[in-house]
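Here are my notes for a first look at this model. Please read them with the structure open.

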Amino acid sequence: MARIVKVFRTLRNHWKKSTLAVCVLSYGGYWLYGKHCDSVVRREACQLAREFGRQHIAPQERLKKATVILNPAASNGKANNLFEKNAAPILHLAGVEITVVKTDYEGQAKKLMELMEQTDMLIVAGGDGTLQEVITGLLRRPDQEAFSSTPIGFIPLGSHNSLSPSLHFLSDNKVKDITAATLSILKGETVPVDVLQIKGEKEQPVFALIGLRWGAFRDVAAKISKYWYLGPLKTNAAHWFHTLREWPLVHDVSVSLLAPRPRPPDLDPQKPPRPNLLHRIIRRLKNYWSPPAEEPLKPEEPEKWEEQQLSTAELYIQTHNKNPAERVRRKLLQCFQSFLLNKKVKDPTLFTENSTKLEASVCRLTLPEGAAGFYNIDNEEYEAMPVEVRLLPRKLRFFISAERREELISQPQ
């Protein structure tokens, strides 16, 4: 009992050191517990991947090949370590032959896609910028029709991963998000994704998966980090200072629209089995003796452009990729290919009663004379200029987790 009293007396007499020791030990224990939880998540993911690796394949089949485009600069330079510790072991245990290509500078992924050879799957390990560069480089290829059928996996390693919530369940644990995204690639379930083709008057087209954003709130979001010294008040300060400098915030913009077109049906990514030889011979003879009647070509209808003048503080052109599974429901097969132009005065990612929502298949955006600034295309800055935005429906296929797909389908419209 005397020893216990002596310990408490010592802690009381040295309360500053005792408080510091408690804080250090508490933080150390929390850090060790987090490392343990990450290790448990990795172990469970590797056990699932090992089951895929133990599956037998036919003698004529070969191992699946995957090309990984990795941006080591993502996550403040931690992306390479995150990939090597959390994603690469899962792919190796599953028996996937991977080729990792690391980017050294901004824009290199576009050039790498021009040289990429045919592969079974393409994996993008990075953030929004890396994904947008890969998609742009892929769809600029002369043979992009052949490569656009290659399934794409997205491993979220960046500071912004806008498409990731549409493909996987997200949590506060970075390791869990990476392992879940990698496992969804192994399971092989895919979903069609729309693409926006954004083309200026002289520049090559840029391709986006989420959308294009222009306006006052975009400009404010780009400047919030400059007021880091204000702590929790930095967002409000950025809004106040920008309003004082740029008032009025509402600008006139001219938008020309083409009406939505019927969305093409979702084709099965798996090729149907080839019919037997006798069936093919009978079919060819039948076509030879009774050739099918050729349907007359329908005259092309002239495009009907609708021009509108908008006065808005924020313009947002987006796809429906936030819920890609919604468009493959049976009752939505007749929905229109469309992207949304959102004229609003609040959060540009949410529609409110003050928003103007328009649907179109093609949009031409003309800014007022003397208007400067930048677009945000999938969270990447581009100089603002007159552009034509065209929707390419179901252009690419991305790996998606089955659980996330079921949840998106069950969501009310």
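1. S11 covers residues 314-318. Strands here are DSSP E runs of at least two residues, helices H or I runs of at least four, both numbered from the N terminus. Strand S7 (residues 211-215) runs antiparallel to S11, joined by 5 bridges. Strands count as paired if DSSP finds at least two bridges between them.

2. The model is predicted; local features need pLDDT of at least 70, side-chain atom pairs need 80 or more, and totals for chains, interfaces and linings use all residues. Residues are numbered from 1 along each chain as its sequence is written, and side-chain values use heavy atoms, without hydrogens and water.

3. S11 is largely enclosed by the rest of the structure, because 5 of its 5 residues are buried. Buried means under 20% relative accessible area with a 1.4 Å probe, protein chains only. Glu314, Tyr316 and Gln318 lie on one side, Leu315 and Ile317 on the other.

4. Check confidence next. pLDDT is the predictor's confidence in each residue, from 0 to 100. Its mean over the protein is 80, and 86% of residues reach 70 or more. Strand S4 (residues 152-156) is highest at a mean of 92, and strand S12 (residues 336-337) lowest at 38.

5. Be careful with residues 328-339, where pLDDT stays under 50. Residues 343-347 also stay under 50. Where pLDDT is low, the predicted coordinates should not be read in detail.

Conventions. Contact = heavy atoms within 4.5 Å. Buried < 20%, exposed > 50% of the residue type's maximum accessible area, 1.4 Å probe, protein only.
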